[in-house]
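Here's a quick tour of a few local spots in this model, with the cut-offs spelled out as they come up.

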Amino acid sequence: MPFARLATATTPTAHIGLGLAAVGRPGYINLHRDRDLPADRSVAALRARTHELLDAAYAQGVRYIDAARSYGRSEEFLADWLRAHPEADDLVIGSKWGYTYTAGWSVEAEDHEVKDHGLTAFLRQRAETGTLLGDRLDLYQIHSVTVGSPALTDKELHARLAELAAEGVSVGLSTSGPGQAEAIRAALTVTVDGEPLFRTVQATYNALETSAGAALADAHAAGLTVIVKEAMANGRLAGTQAPAVVREIAADAGLGSDAVALAFVLHQPWAGVVLSGAATVDQLAGNLHAPLVDLGPERRARLDALVEDPEAYWRHRAGLRWN
């Protein structure tokens, strides 16, 4: 498992990864992107921003980078950076397949991505990822698996994924929606020739949405590496947008709300890597202060009171505007 070297890392920031969803394409659903990105959202401008973030992340101890076929040109930007930085050979690189980017580099597109978990989509996107990332790819994840996804039942797909694993690329999945826990537990039962297929699971977990927690603990107990995405709830737990209790704890700690939101997840015993979705170097620096946040029982209890009904949380997320 490529994540084994992070398990013994002495640098706390090694357990914070950098996700490229917010900078690999001009439009995303995070709040306040008008403040985070330059007015020029050309390919060249976002390539430069991505490279600035990768420079800062690597210099500050981040060792996991997360991309996806549907994150616009994230794999391309990452591949360019890796070629320019051969010394960064200790990075763990993950990407995802299962969504195709369809926005044509426009924020105003009607559809930004199209989901397809079929074998044909896997073969096409695996070839595309291979062309860009080559042997630097450590982890390939099925993007946003739900209980109804054919990715959980397609035996031919499972066999092809097992072949990929035999080549040395770990196979994982990410989940989304109010049924995350059910999808995770279904994934734990998927085997090929008697061996578990999935070695990682990536899921949404934050102070507002904790419904996948018990299933993620089960996955961790089964030997999977748990990667947490959307720890700041697409910006709802960061800056002035954060609930008062998050801002109060942050003020007491002398840090930002984003650090408190990430710390809440880092304190979960099953959390292997927690993703920063930073769009600026300053945001990344703030995120990387998360290991410094002391969350004792009283503070944890105050944060636990923020949890929302999963259905309500995901309805709110579905209503966020691409911007």
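Let's start with valine 114. Skipping neighbours within four places in sequence, valine 114 is in contact with Gly98, Tyr99, Thr100 and Thr102, where contact means heavy atoms within 4.5 Å. Valine 114 sits in strand β5 (residues 113-115). Helices (H or I, at least four residues) and strands (E, at least two) are DSSP runs, numbered from the N terminus.

A word on provenance: this is a predicted model, where local features need pLDDT of at least 70 and side-chain atom pairs count only at pLDDT 80 or more, while totals for chains, interfaces and linings use all residues. Residues are numbered from 1 along each chain as its sequence is written, and side-chain values use heavy atoms, with hydrogens and water left out.

Now for a residue in helix α3 (residues 43-59), threonine 50. Leaving out neighbours within four places in sequence, threonine 50 is in contact with Leu20, Val23 and Phe77. A polar atom of its side chain lies 2.8 Å from the backbone oxygen of leucine 46; a polar contact is a pair of N or O atoms within 3.5 Å, where within protein one must be able to donate a hydrogen and the other to accept it, and residues adjacent in sequence count only if both atoms are side-chain atoms.

Here is how the two residues compare on accessibility. Buried means under 20% relative accessible area, exposed over 50%, and partly exposed in between (1.4 Å probe, protein chains only).

| Residue | Relative accessibility | Class |
|---|---|---|
| Threonine 50 | 1% | buried |
| Valine 114 | 43% | partly exposed |

Next up is helix α13 (residues 310-318), whose buried residues are Tyr313, Trp314 and Arg317. They cover an arc of only 90 degrees around the axis, so they sit on the same side of α13; the arc is that of the directions from the helix axis to the C-beta atoms. What do these buried residues of α13 pack against? Their partners are α7 (180-187) and β10 (200-204). On the face turned away from the buried side, α13 carries the exposed residues Arg315 and Ala318. The N-terminal end of α13 is capped by aspartate 309, with a side-chain oxygen 3.1 Å from the backbone nitrogen of glutamate 311.

Helix α13 also turns up at the largest pocket: α2 (33-36), β6 (139-145), α10 (257-266), β12 (273-276), α11 (281-287) and α13 each supply at least two residues of its lining.
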